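Please keep the view open as you read.

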Amino acid sequence: MPSFLKLITTLTLKIKKNDKKNIEYINYGNPKVTPQDTQKTGTMTQAKYLEIAGRIEDYMIRNQKAPPFSSYSPLGKYFGYENLIYTYSKILDNYNTNGQLPASIKIVPWNYVKSYAGKFTIQQTKTAANYLKTYVESNKKLPSSVPITGTDLNGQITNTHITLPAFLKLLTTTTLKIKNNDNTPTTLFNTYKNPTTTPQDTQKTGTMTQAKYIEIAGRIEDYMIRNQKAPPYSSYSPLGKYFGYENLIYTYSKILDAYNPTLPTKTTVSSWKDLKNYLGSFTIQQTTQAAADVKKYIEKYKKLPSSVTINKINVNMPAFLKLLTTTTLKIKKNDNTPTTLFNTYKNPTTTPQDTQKTGTMTQAKYIEIAGRIEDYMIRNQKAPPFSSYSPLGKYFGYENLIYTYSKILDNYQNSAKLPSSTKIYSWDMITHFEGTFTIQQTTQAATKVKEYIEKYNKLPGSVAITGTDLNGQIINTHITLPAFLELLTTITLKINNNDNRPTQLMNYYKNPSAPKEEIHSGSMSLARYVDIAGRVKDYMDRNHNAPNFSSYSNLGKYFGYENLIYTYSKILDNYQNSAKLPSSLVIKPWHKFSRDQVADAATSVKNYVNNNHKLPNYVTINGVQVAIPSFLQILTRTVLNIENGVNEPVYYEYCDPASAPRDSQSSGDVSIVSYLVVAEKVNAYMNTNWAAPNYSSYSPLGTYFGYHNLVYTFSKVLSYFDSNNALPSTVGVKNWIYVILPQLENIPSSLVLYTQPTANCQSTHSAIVSLAYQLASGGNSVWDVGNNIFEWVRDNLGYSFYYNTKYGAVGTLDKRSGNCVDTAHLVVALSRAIGIPARYVHGDCYFKYSKTWYGHVFAQLYINGKWYNADGTSYSNTLGNIVNWDTSSFKYKATYRELPF
């Protein structure tokens with residue numbers, strides 16, 4: 001820079017002399033002493049700055065260094081080194097622009113030059129104040145600097161950034177100028193430092209008058225001029241000991257932002273801590289619109305929103321409750337000023353409670369409660385869990401308070417006045433309220449549900465219905481099926497009681513956990529379906545969920561959930577058309593299956609029996625578990641429908657199991673004519689008795705065509721149809737015992753006599769056959785079945801001491817008690833009933849426990865080519881193993897097919 005000073009002074013002189021020769025560059029040293037500058041702002045003539053240029057040139061040629069100053073300026077004793085460089089740079093810049101040296105040049109102090117921030121009008125300052133206010137309210141802190149438009153030292157418009165201390169000086173000076181009607185721009189220097197001690201702020205929210213904030217502005221300006229730094233606080237605020245530095249900047253930015261075209265008569269001041277939580281200042285109109293939004297949200301979604309947007313600002317629910325109550329109180333007082341809101345309010349710290357009863361609250365009461373809530377929130381900085389000042393219940397819960405005051409302000413928005421009273425409901429009712437529905441509205445919805453089910457063979461996802469909301473407005477809504485079942489049963493009961501009042505419906509009700517249905521077709525009386533309606537409603541009111549079924553139907557144990565909805569929809573549809581409840585109603589089962597679905601299930605059952613030698617416990621058809629007795633009804637109905645050319649779904653008619661099945665079929669083929677007769681007879685029996693038959697007596701292969709065999713045989717018939725799309729001309733049949741125990745089909749001819757009934761061994765008696773079939777169904781082999789028979793007799797008969805036969809097999813089964821002879825009769829009879837060869841053994845035995853010899857009879861069963869002892873008189877014995885007497889000392893007497901005593 002020293003060489004540059006020599007260059008620009010020489011060039012200035014050469015220009016004056018019109019000397020265009022090049023200038024030789026020489027390296028000059030810095031000033032030896034510290035430069036000083038005491039120039040005052042003013043104008044220097046061309047003659048004077050040329051004179052000074054010549055003196056500087058001479059000095060530098062002589063001393064080979066820059067001068068610390070020139071003492072020849074008329075504007076001050078010292079024209080400093082830095083200012084000389086700046087001034088001659090300006091002169092040559094002017095020459096570069098205009099083509100000639102300026103006639104004069106503006107001189108300013110060097111300190112002025114390096115610290116000059118700009119010159120700013122009132123409007124420019126107001127615009128910057130708006131920026132800072134908006135920044136603080138959005139970001140909850142001061143910006144690092146303030147962008148502002150002004151003019152530079154040369155009078156040019158410039159966009160610059162100034163420090164926050166300089167901006168505080170500009171704010172207070174401009175405020176004072178406005179107050180003094182001084183419209184001149186303010187010259188600002190960047191000489192002001194940050195506070196040297198930590199700012200403090202203890203302001204309380206309140207109002208400060210214009211006189212006070214003007215006084216404080218003057219004190220700040222004086223302080224900053226004297227100290228060249230910003231104050232950490234002002235101690236002259238009436239709202240608290242410390243009016244902190246950050247808060248001063250924000251407050252005076254607010255004041256100038258509000259200037260239009262006069263300063264505000266007062267301004268709201270809050271603590272800087274609160275300002276960091278500042279949400280916004282909201283008008284009555286903005287608040288009432290937000291209240292309407294919250295009210296609609298609650299009524300639609302049955303819960304509070306997490307926040308509400310007001311003028312693009314998210315306000316949480318505790319703060320919104322404060323805004324609601326404050327605005328309500330302001331409206332009451334005809335105070336139209338906006339409400340300043342801070343994000344300092346927390347959620348209730350205890351669980352909200354609400355015990356309000358439906359009723360009306362006067363304006364005086366809700367204004368009183370609003371005041372109490374406002375006071376509580378200001379003191380505690382949190383929302384209350386409830387108000388205990390409602391006349392409609394001990395607890396007026398937090399959520400309900402928000403909803404109620406949202407309703408009040410929504411009413412105000414629509415009518416321009418606070419309502420004289422407001423309707424109060426419990427929060428539980430508000431959040432679960434579906435609507436109020438008349439009988440006509442419910443019957444119309446019932447008709448739509450009935451038609452939907454009959455068209456699509458399933459329940460709809462929800463039910464469209466017209467009703468009224470909590471405010472009495474007509475609504476078109478959708479309700480869940482559990483809620484609709486509650487409505488259907490309630491309306492049915494009301495109609496029966498001549499009660500024409502609308503029904504208020506809640507949405508408490510959950511889906512059933514595991515719906516189940518086991519009914520058959522039939523007629524249900526009015527008294528019965530009204531009784532069931534009452535029981536369903538009671539259940540739902542107690543448990544808040546739909547039942548899986550009703551167990552009070554006369555048509556079966558389980559009247560399923562889906563069918564309950566369909567049935568009561570039919571009942572109310574009938575009422576809509578005839579204006580009275582039907583005296584009785586035909587009920588059909590809920591589930592029905594297509595021909596193909598039944599045929600697929602039949603193939604599944606046939607394959608299961610072939611692989612496992614027993615019937616399955618159930619068969620699944622189209623996702624529904626069907627009991628095997630009911631499947632027999634479905635099988636026979638489907639076979640008959642195919643024969644008759646009828647292709648319609650078959651209902652799942654629930655039928656009880658056969659009570660005492662028996663089977664005496666011989667192996668052979670049954671023609672289509674014969675098995676269609678059997679199907680007709682079986683289906684007719686089941687449709688009359690709603691139970692599976694023990695057997696059919698219409699088979700050409702034997703008197704008894706047993707229940708199990710019927711299921712298997714008609715499964716084979718429909719399995720054939722499943723593959724060939726036609727009924728078979730014949731179907732092979734054999735005794736059911738040979739199906740489940742094929743080993744018994746080919747026993748040695750010498751043992752056939754041991755499978756036939758004898759005296760006191762009534763193996764063809766229905767009671768014996770029924771029990772034998774039951775025991776055989778639980779085994780997978782002859783051994784399993786023989787063991788089932790043995791263990792049943794051993795475990796279910798008591799021992800009685802007497803000689804010889806007294807009751808025989810049938811009597812012993814009935815008495816459930818007997819001696820060794822009658823016990824053996826029952827073991828032998830049950831075994832022979834299913835084709836296991838069985839005989840009697842007689843001899844003398846030494847009994848271990850009594851240590852006594854007795855004559856004794858026990859059974860033997862022929863299984864897998866070997867005879868096994870089967871003495872059922874002691875719990876210690878097992879099949880093939882005798883423990884209660886000494887087998888090594890046994891004195892054999894005889895073996896019998898038929899016992900002679």
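**A guided walk through the model**

Cysteine 820 is buried, at a relative accessible area of 9% (buried means under 20% relative accessible area, exposed over 50%, and partly exposed in between, using a 1.4 Å probe and protein chains only). Cysteine 820 takes part in no disulfide, and the nearest cysteine sulfur, belonging to cysteine 845, is 8.5 Å away (a disulfide is a pair of cysteine sulfur atoms within 2.5 Å). Cysteine 845 is buried as well, with a relative accessible area of 0%. By this rule, the count of disulfides comes to zero.

A word on the ground rules before we go on. This is a predicted model, in which local features need pLDDT of at least 70 and side-chain atom pairs count only at pLDDT 80 or more, while totals for chains, interfaces and linings use all residues. Residues are numbered from 1 along each chain as its sequence is written, and side-chain values use heavy atoms, with hydrogens and water left out.

Now let's turn to the helices (DSSP runs of H or I with at least four residues, numbered from the N terminus, just as strands are runs of E with at least two). Helix α16 covers residues 481–496, and its 16 residues reach 22 Å from the first C-alpha to the last, close to the 22 Å expected at 1.5 Å a residue (the expected span is 1.5 Å times one less than the number of residues). Of the 16 residues in α16, 15 are buried, leaving the helix mostly covered. Just after α16 comes asparagine 498, with a positive phi of about 55°.

In soluble globular proteins, nonpolar side chains tend to be buried together. Take isoleucine 479: leaving out residues up to four places away in sequence, isoleucine 479 touches Glu434, Phe437, Ser462, Val463, Ile465, Phe484, Leu487 and Leu505 (contact means heavy atoms within 4.5 Å).

α20 is mostly covered, with 14 of its 16 residues buried. Glycine 645 follows α20 and has a positive phi, near 70°.

Next, please find threonine 567 in helix α18, which runs over residues 561–578. Threonine 567 is buried, with a relative accessible area of 1%. Its side chain reaches the backbone oxygen of asparagine 563 at 2.7 Å (a polar contact is a pair of N or O atoms within 3.5 Å; within protein, one must be able to donate a hydrogen and the other to accept it, and residues adjacent in sequence count only if both atoms are side-chain atoms). Beyond residues up to four places away in sequence, threonine 567 touches Phe559, Leu585 and Ile587.

The aromatic rings come next. The structure holds 32 aromatic pairs (rings of Phe, Tyr and Trp, the latter by its six-membered ring, pair if their centres lie within 6.5 Å; planes under 30 degrees apart count as stacked, over 60 as edge-to-face and the rest as tilted). The rings of tyrosine 452 and tyrosine 456 have centres 4.7 Å apart and planes at 45°, so this pair is tilted. Both tyrosines belong to helix α15, residues 439–456, where four residues, about one turn of the helix, separate them. Tyrosine 452 is partly exposed at 27% relative accessible area, and tyrosine 456 is partly exposed at 43%.

Phenylalanine 847 and tyrosine 854 give an edge-to-face pair, 6.0 Å centre to centre with 65° between the planes. Phenylalanine 847 is buried, with a relative accessible area of 14%, whereas tyrosine 854 is partly exposed at 36%. Tyrosine 803 sits in the loop between β37 (798–799) and α26 (808–815), and counts as exposed at 64% relative accessibility.

To finish, let's step back to distances across the chain. Tyrosine 803 and isoleucine 61 are 742 residues apart in sequence, and their C-alpha atoms are 159 Å apart in space. Threonine 34 lies in the loop between α1 (2–17) and β1 (42–45) and, at 63% relative accessibility, counts as exposed. From threonine 34 to tyrosine 398, 364 residues apart along the chain, the C-alpha separation is 73 Å.
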